[in-house]
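Here are my notes for you, written as a few numbered points. Have the structure open while you read, and find each piece as it comes up.

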Amino acid sequence: MSRSKSKLGKLDFDPPVTVASGTFGTEYFDFFDQRWLGAYVSKTVTFEPKAGNPVPRLYETEAGLLNAIGLQNPGLKGFIGEELPRLRDLLQIPLIVSFSGSTPTEFCQMLECLEKQPGIAGYEVNVSCPNVEKEGLPFGIDPDVVFNLTRELSKLTDKELTVKLSPNVSSIEQVAQAAEAGGATSLALINTLWGMAVDWRTGKSRIGRKVCGYSGMGVKPVALALTYKAAQAVKLPILAMGGIHTWRDALEFFYAGASVVAVGTAMFSNSQAVVELVQGLNGYLEERNLRLKDIIGKVS
Ligand SMILES: Cc1cc2nc3c(=O)[nH]c(=O)nc-3n(C[C@H](O)[C@H](O)[C@H](O)COP(=O)(O)O)c2cc1C
């Protein structure tokens with residue numbers, strides 16, 4: 001049995017590593033074997049297709065990445081018709097589908113539709129998107145909205161239901177507890193922080209959308225603190241991400257309370273990041289004669 005074997009709710013993870021939604025495509029499997037991942041998380045699917053935001057959409061900062069992709073995706077029909085059959089054929093690891101609606105009803109309709117499709121092991125509910133019934137404020141900032149949404153979704157599936165939390169909230173504990181009370185079987189965090197970059201020479205925004213998402217190296221301390229806070233507030237297992245580049249970063253998250261970690265922005269600069277992470281993690285556990293479960297949440 002592998003020392004780093006873990007569990008995220010109903011899913012076994014061996015290795016305890018996956019990819020962050022939207023940062024990864026199956027093209028990466030030209031560079032490493034997919035079995036270096038414990039599961040595959042899709043790019044977020046929305047009900048309608050989305051063309052995404054105007055360019056430029058990416059800007060590399062001193063410590064991390066700004067992005068304003070705007071959830072570009074083929075929509076639920078396109079996903080089910082084209083992307084899902086392709087993933088089903090290709091993947092030998094569990095598939096977690098990330099999805100997002102613009103109203104609670106739309107979220108439920110999407111889940112009902114996805115439930116009819118074979119080959120899906122679980123869902124990641126992206127609540128960082130705007131709720132058109134609440135003046136476009138993100139679902140994930142309001143614990144009541146998160147509770148009601150999770151409660152409705154949890155009635156529709158017996159599969160893994162992870163709610164992906166936004167870091168842009170005043171109390172991660174309250175939102176985490178709301179998702180737990182609503183019936184989530186795990187939590188994923190963090191989505192991107194708010195970020196912005198301005199060209200000081202011209203005064204122009206470096207990104208088409210001005211205020212956008214910040215990820216990568218610079219967000220790690222924030223992601224770590226939010227992982228720790230969420231882990232203290234709930235019993236649910238946590239899929240943690242935010243600035244994880246190396247196995248040492250991953251260990252910090254396990255000690256803070258993560259059961260599984262995801263790599264996102266790091267893949268843009270190192271296609272072997274996942275492989276190196278799993279090898280380093282296993283080496284660390286071996287050397288100290290530990291199992292991953294001995295260290296999860298054991299920060300002192
Ligand atoms: C280019 C890009 C696209 C992203 N798209 C999505 C997405 O579709 N759905 C989602 O839940 N998160 C999305 N994210 C957020 C990541 O999944 C992750 O939560 C965040 O980047 C923090 O992890 P990292 O610092 O390891 O990248 C995206 C991030 C980036 C950089």
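Predicted model: local features only at pLDDT ≥ 70, side-chain atom pairs only at ≥ 80, totals over all residues.

1. Strands of a sheet pair through backbone hydrogen bonds, and the pairing can be parallel or antiparallel. Here you have an open sheet of 4 strands, running in the order β6-β7-β15-β12 with antiparallel pairing. At the edges sit β6 (58-61) and β12 (193-195), each of which pairs on one side only. From one strand to the next, the twist averages 35 degrees.

2. Zoom in on β7 and β15: they pair in the antiparallel sense over 3 bridges. L65 has S215 in β15 as its bridge partner.

3. On to the helices. Two packed helices are described by the angle between their axes and the distance between the axes. Take α5 (residues 220-233) and α6 (residues 247-256): their axes come within 8 Å and cross at roughly 25 degrees. Angles under 35 degrees count as roughly parallel, so α5 and α6 are roughly parallel to each other. The crossing of α5 past α6 is right-handed.

4. What meets what between α5 and α6? From α5 come K220, L224, T227, Y228 and A231, and they meet D249, E252, F253 and A256 of α6. By class, this contact has 5 nonpolar, 1 polar and 3 charged residues.

5. Helix α5 also packs with α4 (residues 172-182), at an angle of about 50 degrees and with the axes 9 Å apart. That angle makes α4 oblique to α5. The crossing of α4 and α5 is right-handed.

6. Last one: which residues of α4 meet α5? Look for I172, E173, A176 and Q177 in α4, which meet L226, K229, A230 and A233 in α5. Sorted by class, the contact of α4 with α5 has 5 nonpolar, 1 polar and 2 charged residues.

Notes: Residues numbered from 1 in each chain as written. Axes fitted to C-alpha atoms, helices over the stretch in contact; angles between N-to-C directions. Helix = DSSP H or I, 4+ residues; strand = E, 2+ residues; numbered from the N terminus. Parallel < 35°, antiparallel > 145°, perpendicular 65-115°, else oblique. Left-handed = near helix turned anticlockwise from the far one by under 90°. Contact = placed C-beta atoms within 7 Å. Nonpolar A, V, L, I, M, F, W, Y, C, P; charged D, E, K, R; others polar. Pairing = 2+ DSSP bridges.
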